[in-house]
Amino acid sequence: MASPLLDDLLARIVDSGLLDDPVAENGLVYGRATIDAAGAVVTVNVDPELEDDEETLDDDTLLAAIARILSVSETRWRAVIDEVADDIDEAVDDEPVLEQTDLREDLEATSVVVFADAVLIAFDAPKQFPDSRILVQLDDDLEVASIEVRDRDGGVEA
């Protein structure tokens, strides 16, 4: 059963032009878009976190969150990449690395999940972490809240 709130959110996203070919399915609105600062086309999932008894949805907050991540400044994006790379490099400091490529150059944004108060970005790092995804949660100010490296077989898909 389609949710009128989700249908309304889809209509607002279509009208905004933020996502290419957005569709609503399984409680999410998803489409594709470009994060200009990253130079990457990503899948964008918008999760309104609807509860069965909800009668209203703050579409404006979700639209603002989508616009914020897609239009992130190059300076802010670079700071996120630097923090992710530094954090992961520090965590695997004593581990042998097969590929000596700088992780900053290896990180490729592939998808984004937008919530009202956070954004989750999935990165591939095909040279250094070919069997993993790197999940980075940003708060509503696009500051790094958490970083996690997950095995691709772990079933987590952003």
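1. A word on terms before we start: a cavity here is a set of grid points where a 1.4 Å probe fits but cannot get out. Please keep in mind as you read that this is a predicted model.

2. With that in hand, how many cavities of 30 Å³ or more does a search of the whole structure find? The search returns 1, and the volume of this largest cavity is about 40 Å³.

3. Its lining is worth a look on your screen. Ala65, Arg68, Phe115, Ala116, Asp117, Ala118, Val119, Asp139, Asp140 and Leu142 line the largest cavity. By class, 6 of the lining residues are nonpolar and 4 are charged, with no polar ones. Helix H2 (59–70) and S5 each contribute at least two residues to this lining.

4. Now to the sheet. Its 7 strands form an open sheet in the order S1-S2-S3-S4-S5-S6-S7, and the pairing is mixed. At the edges are strand S1 (20–25) and strand S7 (144–151), each of which pairs on one side only. On average, neighbouring strands of this sheet are turned by 20° against each other, direction ignored.

5. Arg32 has Thr43 in S3 as its bridge partner.

6. Finally, two helices lie across strands of the sheet. Helix H3 (residues 74–91) lies across S2, strand S4 (108–114), strand S5 (118–125), strand S6 (129–139) and S7, with an angle of about 55° to S7.

Definitions and conventions. Residues are numbered from 1 along each chain as its sequence is written. This is a predicted model: local features need pLDDT of at least 70, side-chain atom pairs count only at pLDDT 80 or more; totals for chains, interfaces and linings use all residues. Side-chain values use heavy atoms; hydrogens and water are left out. Two strands pair if DSSP finds at least two bridges between them. Helices (H or I, at least four residues) and strands (E, at least two) are DSSP runs, numbered from the N terminus. Axes are lines fitted to C-alpha atoms, for helices over the stretch in contact, and angles run from 0 to 180 degrees between N-to-C directions. Contact means heavy atoms within 4.5 Å. On a 1 Å grid over the protein atoms alone, a cavity is a set of points where a 1.4 Å probe fits but cannot get out, and a pocket is an open set with protein on both sides within 12 Å along at least five of seven lines; lining residues have an atom within 4 Å of a point. Grid points are joined across faces, edges and corners, and a volume is the space filled by probe spheres set on the points. Ala, Val, Leu, Ile, Met, Phe, Trp, Tyr, Cys and Pro count as nonpolar, Asp, Glu, Lys and Arg as charged, and the others, Gly among them, as polar.
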